Amino acid sequence: MVETLENILLQVSKSPIIDEGKLEQATQLIIKSVIQGLAINRVGIWLYDDESACITSTYLLDADDGEQSPSTICANNFPHYFAALKRERTIIANRASDHPATNELTDYLNKFGIVAMLDVPLRHRGKMIGVLCCESSRANRSWTEDEVAFVGILADIYGRAVSAAERVKYEQLLIKHNEDLEQRVAERTQSLEDALNNFKQAQDRLIETEKMAALGKLVAGVAHEVNTPLGIAVTATTHCEHRLKKLKQSFEDGKISRNALTQYINDTLDAYTLMNSNLERAASLIQNFKRTAVDQSSFELVECSLGDYISSLVISLRPMVKKKKVTIQTHCQEELTIKTYRGALAQVITNLISNCAEHAFKTPDENHHIDIFVEKENTDAVLRITDNGAGIETDIQHKIFEPFYTTARDDGGSGLGLSIVYNLVQRKLNGTIDVQSQLNKGTTFTVRLPNIID
Ligand SMILES: Nc1ncnc2c1ncn2[C@@H]1O[C@H](COP(=O)(O)OP(=O)(O)OP(=O)(O)O)[C@@H](O)[C@H]1O
Ligand SMILES: [Mg+2]
């Protein structure tokens with residue numbers, strides 16, 4: 001191939017424009033190179049439509065008149081020309097008006113004064129997509145082999161540029177798609193976070209309500225319990241008043257006997273003793289309850305002697321289990337002191353005992369009992385709260401700490417009790433809790449708490 005053509009090809013082939021995906025610029029470069037290499041003035045890229053029935057000039061350059069507006073020619077008007085294109089071979093027409101493939105284009109040839117035509121197939125991914133059409137108005141133009149090869153190589157380079165444009169288009173689509181996806185993921189994440197926040201807030205509110213409900217149950221139980229000694233004291237006072245009135249009457253009537261007076265004094269003393277012991281019992285119940293109630297709502301880190309604290313807490317909790325005739329006993333061999341949140345611990349034990357009353361023991365029975373063992377294990381204090389009640393079926397044991405899991409929905413259970421216990425033990429008290437249970441034998445909750453103080 002002559003050197004000038006080789007140089008042009010080298011320039012075009014090396015140009016970054018070809019592979020950058022800018023098809024318009026690549027097309028212009030190729031067309032101008034053809035014009036320069038073949039020294040002609042009209043060159044165009046003509047592309048097939050989808051049915052390959054027509055070709056349209058997507059870029060047609062006239063060296064003198066510049067870029068031409070697109071024109072279209074179709075197979076039904078120029079069957080021989082289209083039949084020749086279909087063979088996918090280069091059409092070399094040195095005298096276009098005589099060549100069997102191009103002679104039917106007379107009007108077009110005359111209009112632009114075209115004498116010779118060189119049509120080279122354009123291919124993309126092996127399929128013919130159109131022609132690179134070179135037109136010369138010079139008489140006696142005969143296309144050389146070098147020129148045909150030169151245009152053939154440029155046509156292939158055009159195919160390369162189409163591939164690059166396609167690649168860039170898909171890359172951009174992919175980037176856009178990714179951006180859309182990221183945007184959608186971000187939106188979705190945000191809405192999930194919002195939903196989660198709402199859920200957490202709702203859960204916190206429920207937990208607060210539930211804590212108050214536990215306190216409410218305790219208040220009701222203690223109020224009921226205090227009522228008994230107060231009732232006895234009131235009856236004893238009424239009895240004393242009644243006896244005093246009778247004594248007064250006898251005194252006014254001058255009928256008072258020594259015996260009657262002694263009897264009165266003894267009765268009254270008995271009544272006062274009864275009143276005193278019952279009022280003291282009521283006072284100590286109230287005292288205990290006050291401590292528990294205050295503890296349940298205050299969450300301060302304090303030193304706590306477990307045995308003493310749990311024993312006095314249990315006194316407040318007894319009314320809760322009294323209806324089912326349950327006895328609660330605390331077993332603590334050595335006094336253990338830990339640094340802990342007493343209020344949280346009180347909540348934990350209250351909920352566990354309340355669950356025994358509600359789930360472990362269905363009917364009243366003297367044999368029902370709850371034992372609370374306090375033991376030391378290394379640097380941990382271990383509390384075992386054991387009942388000899390109904391037990392929990394094995395396949396639901398792993399669910400009982402989940403919020404809202406309850407087997408007592410119909411009796412007003414919310415299923416939050418043990419989830420509160422679990423959270424308090426794990427998060428507030430830095431400990432662990434687990435459960436062992438056997439159906440019809442009973443249940444043991446083991447709470448392990450750190451920070452024993454020696
Ligand atoms: N000591 C126990 N004996 C038998 N079953 C128990 C015992 N403690 C808990 N359970 C079971 O665990 C379930 C969950 O207890 P949780 O305290 O979380 O909810 P609840 O007591 O049903 O409702 P709430 O405490 O909100 O009133 C109970 O419904 C019950 O089936
Ligand atoms: Mg409960």
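The radius of gyration is taken here over C-alpha atoms, and the reference for a globule is 2.2 Å times the number of residues to the power 0.38. By this rule a compact globule of 454 residues would have a radius of gyration near 22 Å, whereas the protein has 51 Å. The C-alpha trace spans about 165 × 50 × 40 Å along its principal axes. The model is predicted: local features need pLDDT of at least 70 and side-chain atom pairs count only at pLDDT 80 or more, while totals for chains, interfaces and linings use all residues. Residues are numbered from 1 along each chain as its sequence is written, and side-chain values use heavy atoms, with hydrogens and water left out.

The secondary structure comprises 10 helices and 15 strands (DSSP runs numbered from the N terminus, with helices being H or I of at least four residues and strands E of at least two). Of the 454 residues, 41% count as buried (under 20% relative accessible area, with a 1.4 Å probe and protein chains only).

Helix 7, formed by residues 306-322, has 17 residues and reaches 23 Å from its first C-alpha to its last, close to the 24 Å expected at 1.5 Å a residue (1.5 Å times one less than the number of residues). A kink of about 40° lies at Ser316, shortly before the proline Pro319; the bend is the angle between axes fitted to the seven residues ending at a position and the seven starting there. Because 12 of its 17 residues are buried, helix 7 is largely enclosed by the rest of the structure. Both Ser316 and Pro319 belong to this buried set, which also includes Leu306, Tyr309 and Met320.

Notes. Chains are lettered from A and ligands numbered from 1 in the order in which they are written. Buried means under 20% relative accessible area, exposed over 50%, partly exposed in between (1.4 Å probe, protein chains only).
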